[in-house]
Amino acid sequence: MISHRWSWSGPIWLLGFLVPIVGAASASAQLEWKHKEVVVPMKAAQEEVVARFPFRNAGTQPIQIKAVKSFCGCTTVSLEKKEFAPGETGEIVATYVPGPRMGTQRNIITVQTDFAGEEKSTLTVAAEIPVVAKLERPFLLWAENEARTPKTLGIITIGKDIVEGIAIRAADPTLQVQVEQIDDTSYRLRVTPTKGEVSSSVILEASLAGNQKKRFSAYVRVR
């Protein structure tokens, strides 16, 4: 009777060496980022800001960038080429357009590569946009059976040299809205409900130099 004991010794011996080799290959290519988050302070009327994300192929194999995507239409990304040799450097450039937004805005970018085990990197653009105008509180409330008399909210701005005026619009046509300027840095919003229950908002838009506009809102609840 012929023994088959030795028929398995070869493959087992080979597998013992193949596993470390595969493991080494999987760790041989990767993108090394100088930073994955860029904080960019902005001026009040600034139309756009650019954030740069330098990287290097720190591995021993070429790596291909398959896709670079932003989660917001306010941010566009660019990359000069897609394949990078070992040791080669590159840069992803993100251009952020704030539009009517204010405050700190975090915009996420994903970078997808062909490298198994590390196919995706996440980058962040944190734009710090000045709050040029804000309400003294975010809402107006009329209780059940309360008289539908006008109520007001104060609006504080950072100065007439930056904020040229404030426009308003009620999302619900049953709300009568007015805004008046008190002094160089403050305004007053007046809201009058005319009928029925309301759960809506008043949209306010601060006009800045250079035709830039910043938007904020007040919540209105009439029970």
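**Briefing: strands, cores and surface of a predicted model**

Leucine 141 lies in strand S11, and in this predicted model that leucine counts as partly exposed, at 36% relative accessibility. The protein as a whole has one helix and 17 strands, and of its 223 residues 35% count as buried.

**Overall picture**

- Among contacts between residues at least 6 apart in sequence, 63% join residues at least 24 apart.
- The accessible surface of the protein comes to about 13200 Å², and carbon and sulfur atoms account for 54% of that area.

**Nonpolar cores**

- The largest nonpolar core has 25 residues, and those with the most contacts inside it are Val132, Ile155, Ile166, Leu189, Val191, Leu204 and Phe216.
- At least two residues of this core come from each of the strands S10 (133-135), S11, S12, S13 (163-170), S15, S16 (198-208) and S17 (213-222), while S16 gives the most, with five residues.
- Leucine 204, one of the residues with the most contacts inside the core, touches Ile155, Ile166, Ala167, Ile168, Leu189, Lys214, Arg215, Phe216, Ser217 and Ala218 when residues up to four places away in sequence are not counted.

**Residues of strands S12 and S15**

- Serine 186 is found in strand S15, which covers residues 186-193, whereas isoleucine 156 is found in strand S12; the two residues are 30 apart along the chain, yet their C-alpha atoms are separated by 4.7 Å.
- Serine 186 counts as buried because its relative accessibility of 12% is under the 20% limit, and its side chain makes a polar contact of 2.7 Å with the side chain of aspartate 183.
- Beyond its neighbours within four places in sequence, serine 186 is in contact with Ile155, Ile156, Thr157 and Gln181.
- Isoleucine 156 is partly exposed, at 45% relative accessibility, and it touches Val132, Ala133, Lys134, Thr185 and Ser186 once residues up to four places away in sequence are set aside.
- Threonine 157 also has its place in strand S12, but this threonine is buried, with a relative accessible area of 6%, and its side chain reaches the backbone nitrogen of glycine 159 at 3.3 Å.
- With neighbours within four places in sequence left aside, the contacts of threonine 157 are Val132, Ala133, Val163, Ile166, Asp184, Thr185, Ser186 and Tyr187.

**Surface and loop**

- Asparagine 145 lies in the loop that runs between strand S11 (139-142) and strand S12 (151-157).
- The phi angle of asparagine 145 is near 70°, which is a positive value in a residue other than glycine.
- Asparagine 145 counts as exposed because its relative accessible area of 75% is over the 50% limit.

Terms used. Residues are numbered from 1 along each chain as its sequence is written. This is a predicted model: local features need pLDDT of at least 70, side-chain atom pairs count only at pLDDT 80 or more; totals for chains, interfaces and linings use all residues. Side-chain values use heavy atoms; hydrogens and water are left out. Helices (H or I, at least four residues) and strands (E, at least two) are DSSP runs, numbered from the N terminus. Buried means under 20% relative accessible area, exposed over 50%, partly exposed in between (1.4 Å probe, protein chains only). A polar contact is a pair of N or O atoms within 3.5 Å; within protein, one must be able to donate a hydrogen and the other to accept it, and residues adjacent in sequence count only if both atoms are side-chain atoms. Contact means heavy atoms within 4.5 Å. A nonpolar core is a set of buried Ala, Val, Leu, Ile, Met, Phe, Trp, Tyr and Cys residues joined through side-chain atoms within 4.5 Å. Accessible areas come from the Shrake-Rupley method with a 1.4 Å probe; for residues, only the protein chains shown count as cover.
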